Amino acid sequence: MRILALALVLVALVAAGCGDDDDDSGESSAGEGGQEQRLIVSAAASMTEALEACAPDFGDAEETEVRLSFAGSDELAAQIRQGVKPDVFAAANTALPDELHDEDLVEQPVEFATNEFVLAVPADSDIEAVDDLTESGIKIAIGSESVPIGSYTRELLAKLRPAQGEAILDNVRSNEPDVKGIVGKVSQGAADAGFVYVTDVNATDGALKAIELPAAVEPEITYAAAVVKGAKNPRDAQAFVDGLTNGPCAQALADAGFGSVQR
Amino acid sequence: MRRAAASRRIPWFPVLLAVCLTATLLFLTLPVVAIFVDRSPVELIDSLGEPGALDALWLSLRTTAISIAVILAIGTPAAYLLATRSFRGRALVITLIELPLVLPPAVAGIALLAAVGPAGILGGTIDALGIELSLTTAGVVVALTFVASPFYVRQAVAAFAAVDERLLDASRTLGASEARGFLRVMIPTALPGLAAGTALALGRALGEFGATLMFAGSFQGITQTVPLAIYDRFSTNFESALALSAVLVAVSGALLLSVKLVAGAEAMGGWDAADTRAAR
């Protein structure tokens with residue numbers, strides 16, 4: 001085991017010596033160069049458009065370069081558990097940041113936005129309501145159980161009449177690892193409908209339309225972010241998290257259709 | 001004096017070669033070894049019992065087998081033609097066939113959606129035929145076949161090109177038709193190279209991830225192959241992801257080894273030998 005570890009370290013050293021540290025998680029580069037600080041933000045895939053729009057405006061004065069890494073919140077959390085250290089973790093729920101906080105991996109999470117859970121269908125679709133999803137032959141794409149969008153979906157289906165919920169689950173043809181997969185399947189016509197966030201539908205520029213869900217069954221969706229413990233750049237990380245509730249990123253999130261957190 | 005100088009001279013080049021080989025070997029084998037060292041074999045076998053893991057294995061084996069059968073049945077004659085005829089545009093045809101080799105899997109997924117997806121250029125035709133590809137097991141087979149076939153065809157062309165023409169001429173002189181010569185002379189002679197190509201295509205098909213996810217989706221028992229199941233478990237059940245990875249390594253390794261054994265020792269150097277001979 002020790003030999004294995006030693007050899008791995010050796011290989012890592014050789015790799016680092018080769019000079020290409022562009023894609024690593026900033027282990028060696030932050031601070032070394034001096035001038036340019038790098039801030040690594042791991043964010044839920046559903047915030048892609050919003051954060052990409054505001055990240056370049058972050059901390060111009062401090063010459064901080066923000067690197068965004070988008071994936072399913074659960075994958076990002078798993079990476080952090082496996083020892084990957086971004087500076088900020090922004091998730092599409094509150095459960096994952098809370099869990100990581102309990103595990104002493106991130107600082108106290110902050111709720112920064114809300115989202116609306118909707119049914120997405122192609123703009124020219126005949127589907128008008130959740131009830132239409134029970135017909136046989138309808139193909140539905142949802143999030144896989146491990147990703148927030150998937151657990152919200154199951155939460156919603158559990159609140160429907162049992163027969164209805166089951167009929168809808170029977171029509172599920174794909175459990176996608178993140179929101180983008182669901183949107184892609186629906187906009188390519190591979191699936192007839194998918195459960196996503198309203199912000200994802202807004203981002204398709206009219207290709208998809210959002211069908212609102214009955215308020216009684218709609219899950220409450222709150223996004224939370226936290227500074228990762230051991231972050232290379234904790235000061236900027238905290239500033240970034242603060243900026244999600246006021247600043248360019250708060251504005252970009254609002255523009256994308258996110259709601260603000262009631263305090 | 002001269003002797004002292006000679007003994008002080010370090011044979012730097014062979015040392016460099018050895019260092020590079022060691023680095024290559026360590027870098028390539030350590031991550032694979034880590035999969036097995038990280039958990040005990042008992043734990044690995046236990047987590048395979050979890051629902052979905054066996055479904056994924058069975059689906060991967062089935063779809064890979066079907067796509068390899070298709071690749072062999074159609075790719076072998078096609079490769080034979082490319083190896084034995086010269087015609088205008090032959091180089092272009094070979095390049096086009098090899099193109100998926102260098103495509104990133106995500107591009108392969110997008111390309112398949114654009115071509116044969118429901119909204120793709122052939123989507124209407126396929127739908128009219130009553131065939132459904134996206135989000136179905138058939139779609140997985142299409143994705144695997146698309147990404148894996150160049151590995152086989154490329155190899156098969158080289159293997160056929162390396163067969164001594166006089167063998168085929170002799171069978172023709174003895175009155176055998178070209179079809180008979182192809183089956184009785186060319187295939188047996190080129191077998192080591194064909195087997196090597198099959199092993200490469202098998203490995204690629206078993207490991208296919210991106211194109212499958214984008215084109216066929218991910219559903220237990222229907223489209224969720226082992227690589228997709230591994231990805232799905234990565235966040236929630238690392239144990240199970242490791243176990244499935246270990247199985248995939250073992251199955252791929254066993255396939256590679258058995259193909260090499262079946263085809264005889266020559267297959268060990270099948271592709272490089274075939275390439276050099278083809279170049280001659």
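Leaving aside its neighbours within four places in sequence, with which residues is Ala90(A) in contact? In this predicted model, where local features need pLDDT of at least 70, side-chain atom pairs count only at pLDDT 80 or more, and totals for chains, interfaces and linings use all residues, Ala90(A) is in contact with Val41(A), Ala43(A), Ala44(A), Met47(A), Tyr223(A), Ala225(A) and Leu244(A); two residues are in contact if their C-beta atoms, placed from the backbone, lie within 7 Å. Residues are numbered from 1 along each chain as its sequence is written, and chains are lettered from A in the order in which they are written.

**Nonpolar core**
- Ala90(A), together with Phe89(A) and Ala120(A), has the most contacts inside the largest nonpolar core, which has 142 residues.
- Such a core is a set of buried Ala, Val, Leu, Ile, Met, Phe, Trp, Tyr and Cys residues joined through C-beta atoms within 7 Å, where buried calls for 20 or more other C-beta atoms within 10 Å of a residue's own.
- Helix 8 (residues 137–161) of chain B gives the most to this core, with 17 residues, helices being DSSP runs of H or I with at least four residues.

**Domains of chain A**
- An automatic or database assignment gives domain 1 (38–114 + 222–255) and domain 2 (117–212), and their centres, taken over C-alpha atoms, are separated by 26 Å.
- Nine residues of domain 1 are in contact with twelve residues of domain 2.

**Contact between chains A and B**
- Chain A gives 26 residues to the contact and chain B gives 23 residues.
- Helix 1 of chain A provides the largest share of the chain A side, five residues.

Terms used:
Helix = DSSP H or I, 4+ residues; strand = E, 2+ residues; numbered from the N terminus. Buried ≥ 20, exposed ≤ 12 C-beta atoms within 10 Å, placed from the backbone.
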